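Thanks for coming. I have one structure to go through today, so let me put it up and then talk through it.

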Amino acid sequence: MPPAPLEPPGATQTLRLASGSELWTIPYAALQQFVADGTITDRQLLQLAANSGWPDDQLRAALARPYAVSLVPLSKFLYSPAGVAFLQQQTQAFRPLMARGRDVRVEGMRAAILRTAKSGTISAMTILRELPTTFVVELGGQPTQRCSSLPCVNPVQCTSTMSWLVFLPACLQAASNGSTAATAP
């Protein structure tokens, strides 16, 4: 029997968090509302924001901040050995919820990034929206790996899930431009 396909783009995306046997869901709409007006209607989102190390206004701006990218150089990077290694590192704390035994972290993240990059810009929110399957953040497992080596104002910024998310588009922009330094969100 062939492996099941990934969920289609545009499916209702959520951010899932796992700790042991517990699984929490943060609807994409709750993230959108937080970014739009600062309202937090989801208890788990409140916890993620509070544990991010960022003031809410800076976190909201960083999640929505667009980064200009060119699709071809970004695609070349993401399919290169360095790009695959980058995606493996960036997705080590994640697992797709419905992968049915397949490891689709790299291909799922790459697909979301490239779908977003077609417009000429990427942001944390658009990458998250375009994930072809719901990714689960394993809170008790491997820590999320922030791709930037910039110093953290607050030590929690170096390890929080939200910091990983806000730095990802900046690192992708830098990589697609041939640079290894990421700018602060």
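I will start with the overall layout, then take the helices, the core and a few single residues.

First, a caution: this is a predicted model. The protein has eight helices and six strands. Along the sequence the pattern reads β-β-α-α-α-β-α-α-β-α-β-α-β-α. There are 185 residues in the protein, and buried ones make up 46% of them. If you take the contacts with a separation of 6 or more, 65% are between residues 24 or more positions apart.

Strand E2 covers residues 22-27, and Thr25 lies in it. Thr25 is partly exposed, with a relative accessible area of 32%. The side chain of Thr25 is joined to that of Arg16 by a polar contact of 3.0 Å. Thr25 and Gln44 are 19 residues apart along the chain, and their C-alpha atoms are separated by 7.7 Å.

Next is helix H1, residues 28-37. Its buried residues are Tyr28, Ala30, Leu31, Phe34 and Val35. These cover an arc of only 160 degrees around the axis, which puts them on the same side of H1. After H1 comes Gly38, with a positive phi near 85 degrees.

Helix H2 runs over residues 43-50, and its buried residues are Gln44, Leu45, Leu48 and Ala49. Looking down the axis of H2, these residues fall within an arc of 135 degrees, so they line one face of the helix. What does the face turned away from the buried side of H2 carry? That face has the exposed residues Arg43 and Ala50. The N-terminal end of H2 is capped by Asp42, where a side-chain oxygen lies 2.9 Å from the backbone nitrogen of Gln44.

That brings me to the aromatics. How many aromatic pairs does the structure hold? There are two. One of them is Trp54 with Phe167: the ring centres are 6.2 Å apart and the planes are at 45 degrees, so this pair is tilted. Trp54 lies in the loop between H2 and helix H3, while Phe167 is in helix H8, so the pair ties together parts that are 113 residues apart in sequence. Are these two residues buried or exposed? Trp54 and Phe167 are both buried.

Ser163 lies in helix H8, and its side chain makes a polar contact of 2.7 Å with the side chain of Trp54. The two residues are 109 residues apart along the chain, with their C-alpha atoms separated by 8.2 Å. Why does Ser163 count as buried? Its relative accessibility is 0%, and the cut-off for buried is under 20%.

There is also an arrangement of a charge and a ring to point out. The charged end of Arg110 sits over the ring of Tyr79, at 4.1 Å from the ring centre.

In soluble globular proteins, nonpolar side chains tend to be buried together. Here the largest nonpolar core has 49 residues, and the members touching the most others are Leu63, Met109 and Leu172. Which helix gives the largest share of this core? It is H8, with 10 residues.

Take Met109 on its own. Setting aside neighbours within four places in sequence, Met109 is in contact with Leu87, Thr91, Ile127, Leu131, Phe135, Trp164 and Leu168.

Phe86 lies in helix H5, residues 81-90. With a relative accessibility of 13%, Phe86 counts as buried. Leaving out neighbours within four places in sequence, its contacts are Phe77, Cys147, Leu168, Cys171 and Leu172. Leu168 is therefore in contact with both Met109 and Phe86. Phe86 and Ala175 are 89 residues apart in sequence, with 9.7 Å from C-alpha to C-alpha.

Last, Gln92. This residue is in the loop between H5 and strand E4. Gln92 is partly exposed, at a relative accessible area of 28%. From Gln92 to Val106 the C-alpha distance is 9.3 Å, and the two are 14 residues apart in sequence.

That is the end of the list, and I can take questions.

Key:
Residues numbered from 1 in each chain as written. Predicted model: local features only at pLDDT ≥ 70, side-chain atom pairs only at ≥ 80, totals over all residues. Heavy atoms only, no water. Buried < 20%, exposed > 50% of the residue type's maximum accessible area, 1.4 Å probe, protein only. Helix = DSSP H or I, 4+ residues; strand = E, 2+ residues; numbered from the N terminus. Arc of directions from axis to C-beta. Polar contact = N/O pair within 3.5 Å; in protein donor to acceptor, adjacent residues only side chain to side chain. Phe/Tyr/Trp six-rings, centres within 6.5 Å; stacked < 30°, edge-to-face > 60°. Lys NZ or Arg CZ within 6 Å of the ring centre and 35° of its normal. Core = buried A, V, L, I, M, F, W, Y, C linked by side-chain atoms within 4.5 Å. Contact = heavy atoms within 4.5 Å.
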